[in-house]
Amino acid sequence: MGRSLIIGGGLVGSLLSVYLARRGHTVDVFERYAEARTGSGAKRPSVNLTLCERGLQALEQVGLRQRVEELAVPARGRLIHGADGSVVRQPYGNHGEAIHSIAHSALNDAIVDFAKREPGVHFHFGQKCVHVDLAATAARFANTSTGAITEVNADRIFGADGAYSTVRLHLQKLERFNYSQQYLNEGYKSLRIPGRADGTPALAGSMLHIWPRGTRMLIGFPNRDASVTLGILLPFEGMHSYASLNAEDNLLAFFREWFPDVTELIPGLAEQFFARPPNTLLTVRCSPWSYEDKILLIGDAAHAILPSYGQGANAGFEDCAVLAQCMDEYRSDWRSAFKAFEDRRRPNMDYMGDLCVDHFVELCDLIGDPMFLKRREIERQLNELYPDLYRSLYDMVTFSTMPYVEAMRIDRRQRAFIDRLIAQEGFAVAPEDPRIRDSLLHLQAEAR
């Protein structure tokens, strides 16, 4: 089947190596960072992400789901911490549905360890890609320690090197290559709340914690060791921004005013906060994702999205599974396989990019809004009474493998239906209302 070169040994690149090796490929994975093990610098904050059904299904196809779930914490809903000190519980579903919180580093290590045991997969760490020869299907790498240059030829190159992809940068030099990027005005840092001395979490476990304060927001992710990883979201500039919170005194004053219930739980808050610069958040779109039958972009290199819907890693893992389907269908016809992959995935990811922007606004501004909460309560009741006829958009995206665009089509009809229900004065969802059942049946027929 030939030699495949994967540039980028992160979440998507390492999983892709397994899918390729299972189909007879010899795979070389080149990763710019040195190999780092979970536990090194364990006291330092670590970025967390959440896995849902579509990502777990892609892991399950290669036998990785159980191991990853053992490392993760199931979160069965949100706890919304209001500015007035109130706490509101919002379960993700009526049947104990959960997303799975896991440290990025722990997940990456688990997949790399698994992939390294796969016959035909070889990892090369500390190798930064500095050039891609599209016509020759070759790449040049610089050793990040010594500067030594390595030239690598392959039958195919897969660019899994993230939102700032070097592979994509070379594709952008081609005529008719479309590319756009859009940054948020906000960025994020990670902080850490340790577990209590008795081994219990300082914040309620098995839940995500959200402190919505407009574009200044705090999100807490539970960890297996009873700690909580906090993501602090702030504007880069302006009042109460990364630019203005530049000293310990004004940082602590800000936290005590905006997040008083959590401030004292963060040891060395200022030290953690100022340890590293904020991370940027952006949306990337491009096309085409491939060059002839030689080069393919995958994961964030093809479609970086905001983390607000928790779909980045899940979508990247799903990419691997869909690409595997296309390879199986088209066998040695790589050009057709690459085209089919993009045809199936790009419309979904274009939609998800927009949805993540909308959901960012929802998390920042709407999550405590009375009308938003009323809509969510109606959705919860409809799902409980008519589980075979109604699923919310969040449920379809997070707890199924339904294509994103299909979920969008269904949601548009359901949203208009709920708008009509809300407009009815004194409306309440009543058990076994034949009018509602008939309406939901009609919506399902339309969606088909």
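Proline 288 sits in the loop between β17 and β18 (290-291). Strands here are DSSP runs of E of at least two residues, helices are runs of H or I of at least four, and both are numbered from the N terminus. The bond between serine 287 and proline 288 is a cis peptide, with omega at about -5 degrees. Most peptide bonds are trans, and most residues other than glycine have a negative phi.

This is a predicted model: local features need pLDDT of at least 70, side-chain atom pairs count only at pLDDT 80 or more, and totals for chains, interfaces and linings use all residues. Residues are numbered from 1 along each chain as its sequence is written, and side-chain values use heavy atoms, with hydrogens and water left out.

Two residues have a positive phi without being glycine. One of them is threonine 137, with phi near 50 degrees. Threonine 137 lies in the loop between β9 (127-133) and β10 (138-143). Its relative accessible area is 5%, so threonine 137 is buried. Buried means under 20% relative accessible area, exposed means over 50%, and partly exposed covers the range in between (1.4 Å probe, protein chains only). Alanine 226 also has a positive phi, about 75 degrees. Its place is the loop between β15 (216-222) and β16 (228-235). Alanine 226 is buried too, at 8% relative accessibility.

Now the whole chain. It has 15 helices and 19 strands. Its radius of gyration is 23 Å; a compact globule of 448 residues would have one near 22 Å, so the two agree. The radius is taken over C-alpha atoms, and the globule rule is 2.2 Å times the number of residues to the power 0.38. Along the principal axes, the C-alpha atoms fill a box of roughly 70 × 60 × 40 Å. Of the 448 residues, 53% are buried. Contact means heavy atoms within 4.5 Å. Among contacts with a separation of 6 or more, 69% are between residues 24 or more positions apart.

The surface comes next. The protein chain exposes about 20,100 Å², and carbon and sulfur atoms supply 50% of it. This area comes from the Shrake-Rupley method with a 1.4 Å probe; for residues, only the protein chains shown count as cover. The chain carries 50 positive and 56 negative side chains, and the centres of the two sets lie 2 Å apart. Lys and Arg count as positive, Asp and Glu as negative; His and the chain ends are not counted. Each charge is placed at NZ of Lys, CZ of Arg, CG of Asp or CD of Glu.

Turn to the aromatic rings. Rings of Phe, Tyr and Trp (its six-membered ring) pair if their centres lie within 6.5 Å; planes under 30 degrees apart count as stacked, over 60 as edge-to-face and the rest as tilted. By this rule there are 17 aromatic pairs. Tyrosine 92 and tyrosine 394 form a stacked one, 5.4 Å centre to centre with 15 degrees between the planes. This pair links distant parts of the chain, 302 residues apart: tyrosine 92 is in the loop between β6 (87-91) and β7 (99-103), and tyrosine 394 is in helix α13 (residues 393-398). Both tyrosine 92 and tyrosine 394 are buried. Phenylalanine 236 and tyrosine 242 have ring centres 5.9 Å apart and planes at 50 degrees, so their pair is tilted. Phenylalanine 236 is partly exposed at 27% relative accessible area, whereas tyrosine 242 is buried at 11%. Ring pairs also link Tyr92, Tyr309, Tyr394 and Phe399 into a cluster.

Several helix residues complete the tour. Tryptophan 258 lies in helix α6 (residues 248-258). At 19% relative accessibility, tryptophan 258 counts as buried. Beyond its neighbours within four places in sequence, tryptophan 258 contacts Arg213, Arg216 and His240. Its C-alpha atom is 9.7 Å from that of leucine 218, 40 residues apart along the chain. Histidine 170 is in helix α5 (residues 166-171). It is buried, at 8% relative accessible area. Not counting residues up to four places away, histidine 170 touches Val130, His131, Val132 and Leu134. Glutamine 66, in helix α3 (residues 65-71), is exposed at 59% relative accessibility.
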